[in-house]
Amino acid sequence: MPYAPNPEGPGEPRERLADRLLYIPAEVSRTKWIARIATLAFLSFWTPWIWRDTHIRAGEIGSNFLHLVLLPFHEAGHYAIFRWFGQFIMILGGTLAQHLMPIVIGVALLVKQRDPFGAAIFAWLLGFSVIDMAVYMYDAFDPQLVLLGGLTGAESDAHDWQNIFGDLGLLRHARGIGLFFGWVGKAMMLAALGWAAWILKLQRARLSDTAPW
């Protein structure tokens with residue numbers, strides 16, 4: 001019988017977390033479930049293509065579309081959210097903000113909407129955001145990426161991770177750190193797809209043609 005926890009029920013914190021992550025309602029709309037199957041199938045097909053086109057050493061992100069989705073949040077992190085916390089945090093704030101977008105939406109879906117499938121999709125996006133960050137990190141050692149101002153980090157002081165690693169004394173390790181987080185991002189994307197697939201498997205036993213969308 002599928003696991004259908006109650007997020008409001010008693011239990012240890014670990015049990016309550018499992019309740020959130022694997023919550024299944026009493027009835028699941030069949031139409032909605034089929035739409036989620038299609039979404040998961042699309043992302044499962046797209047993910048290997050993103051990985052194929054991701055070349056951290058060459059500065060290739062893997063999906064310009066997703067990069068452009070994250071970019072406004074990155075820039076907002078610099079100039080609207082974290083600019084009040086000093087120069088270092090303002091520079092780091094671009095990356096923080098692009099990560100916070102899928103985190104905040106995913107947590108809201110998980111806690112407020114009791115929608116672990118939706119949360120898993122934004123966890124997948126967070127994984128891509130980490131890959132996006134990894135490319136930027138790797139480039140810090142010998143900047144080649146053309147930034148928004150039209151210059152590379154070697155031609156200006158606008159390269160976030162060149163500044164961050166420089167302040168932390170980690171610039172000579174930038175390439176290794178970038179490669180590491182590239183693998184972390186891929187693992188996160190894969191784990192998110194597995195989470196989404198498990199939720200749909202559990203929901204299958206609760207399908208209903210009369211459940212609300």
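Is Gly185 buried or exposed? In this predicted model, Gly185 is buried: its relative accessible area is 0%, and a residue counts as buried when that value is under 20%.

## Overall architecture

The protein chain contains 7 helices and 2 strands. In sequence order, these elements follow the pattern α-β-α-α-α-α-α-α-β. Along the principal axes, the C-alpha trace of the protein chain extends over about 60 × 35 × 25 Å.

The protein chain comprises 213 residues, of which 43% count as buried. When contacts in the protein chain between residues at least 6 apart in sequence are considered, 67% of them join residues at least 24 apart.

## Surroundings of Gly185

Gly185 lies in helix α7, which covers residues 174-203. Once neighbours within four places in sequence are set aside, Gly185 is in contact with Gly127, Val130 and Ile131. The C-alpha atoms of Gly185 and Ala134 are 8.3 Å apart in space, although 51 residues separate the two in sequence.

## Packing of α5 and α7

Two packed helices are described by the angle between their axes and the distance between the axes. Helix α5, formed by residues 116-139, packs with α7 at an angle of about 170°, and the axes of the two helices are 7 Å apart. Helix α5 is therefore roughly antiparallel to α7, because an angle over 145 degrees falls in that class. In the contact of α5 with α7, the residues divide into 27 nonpolar, 4 polar and 2 charged.

Arg114 is located in the loop between α4, residues 87-111, and α5. The phi angle of Arg114 is near 50°, which is a positive value in a residue other than glycine.

How accessible is Arg114? With a relative accessibility of 31%, Arg114 counts as partly exposed, because this class lies between the buried limit of 20% and the exposed limit of 50%. Gly185, by contrast, is buried, with a relative accessible area of 0%.

Notes:
Residues numbered from 1 in each chain as written. Predicted model: local features only at pLDDT ≥ 70, side-chain atom pairs only at ≥ 80, totals over all residues. Heavy atoms only, no water. Helix = DSSP H or I, 4+ residues; strand = E, 2+ residues; numbered from the N terminus. Buried < 20%, exposed > 50% of the residue type's maximum accessible area, 1.4 Å probe, protein only. Contact = heavy atoms within 4.5 Å. Axes fitted to C-alpha atoms, helices over the stretch in contact; angles between N-to-C directions. Parallel < 35°, antiparallel > 145°, perpendicular 65-115°, else oblique. Nonpolar A, V, L, I, M, F, W, Y, C, P; charged D, E, K, R; others polar.
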